[in-house]
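Biologist: Please put the chain on screen. I would like to go through its fold step by step.

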Amino acid sequence: MSEPLAIYTCFDGTVPVGEIQHERGVWKGINHLPSWAFFCPRCGEIWGRVVRTSPAENQHWLVMQRPCVAHGDGQMLVGQDLNRCSQALLQRELLAILERYPNV
Ligand SMILES: [Zn+2]
């Protein structure tokens, strides 16, 4: 029987924008299931967070350097399995792309 998936809630600023599921213990070779925050190297804002909500114990944080929507792509998802993302999160990512490329 496989382990249940870890559940993460994504925040754009302080606004929840959807959920993503990950295999427990597998994320870029890190096995302690971190939550992570996105730090923009241009404006210095922590503009997004992906917070592990289940399992809730043993919380750890990583800070990832990634530009916000105003200074880059503002994407939260890079390399994740889109089938494990909520529809709301996929919509947020699409809107971030459209904001960056308004003339497409
Ligand atoms: Zn920025």
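Modeller: One term before we start: two strands pair if DSSP finds at least two bridges between them. Keep in mind that this is a predicted model.

Biologist: In what order do the elements of the protein chain run from the N terminus on?

Modeller: The protein chain has 1 helix and 5 strands. The order from the N terminus is β-β-β-β-β-α.

Biologist: Which residue in β4 is the bridge partner of Ala37?

Modeller: Strand β3 covers residues 35-39 and strand β4 covers residues 46-54. These two strands pair in the antiparallel sense over 4 bridges. In β4, the partner of Ala37 is Arg49.

Biologist: Why does Phe39 count as partly exposed and not as buried?

Modeller: Phe39 is found in strand β3. Phe39 falls in between because the number of other C-beta atoms within 10 Å is 17.

Biologist: Which residues does Phe39 touch, not counting those up to four places away in sequence?

Modeller: Arg49 lies 10 residues from Phe39 along the chain, and their C-alpha atoms are separated by 9.3 Å. Contact here requires C-beta atoms within 7 Å. The residues that Phe39 touches are Ile46, Val63, Met64 and Gln65.

Biologist: Which elements give two or more residues to the largest nonpolar core?

Modeller: That core has 12 residues in all, including Tyr8, Val17, Trp36, Phe38 and Trp47. Leaving aside neighbours within four places in sequence, Trp47 is in contact with Gly13, Phe38, Cys40 and Cys68. The elements giving two or more residues are β1, β2, β3 and β4.

Biologist: What percentage of the contacts with a separation of 6 or more is between residues 24 or more positions apart?

Modeller: The protein chain has 104 residues, of which 22% count as buried. For contacts with a separation of 6 or more, the share from residues 24 or more positions apart is 59%.

Note on methods: Residues are numbered from 1 along each chain as its sequence is written. This is a predicted model: local features need pLDDT of at least 70, side-chain atom pairs count only at pLDDT 80 or more; totals for chains, interfaces and linings use all residues. A residue is buried if 20 or more other C-beta atoms lie within 10 Å of its own, exposed if 12 or fewer, and partly exposed in between; C-beta atoms are placed from the backbone. Two residues are in contact if their C-beta atoms, placed from the backbone, lie within 7 Å. A nonpolar core is a set of buried Ala, Val, Leu, Ile, Met, Phe, Trp, Tyr and Cys residues joined through C-beta atoms within 7 Å.
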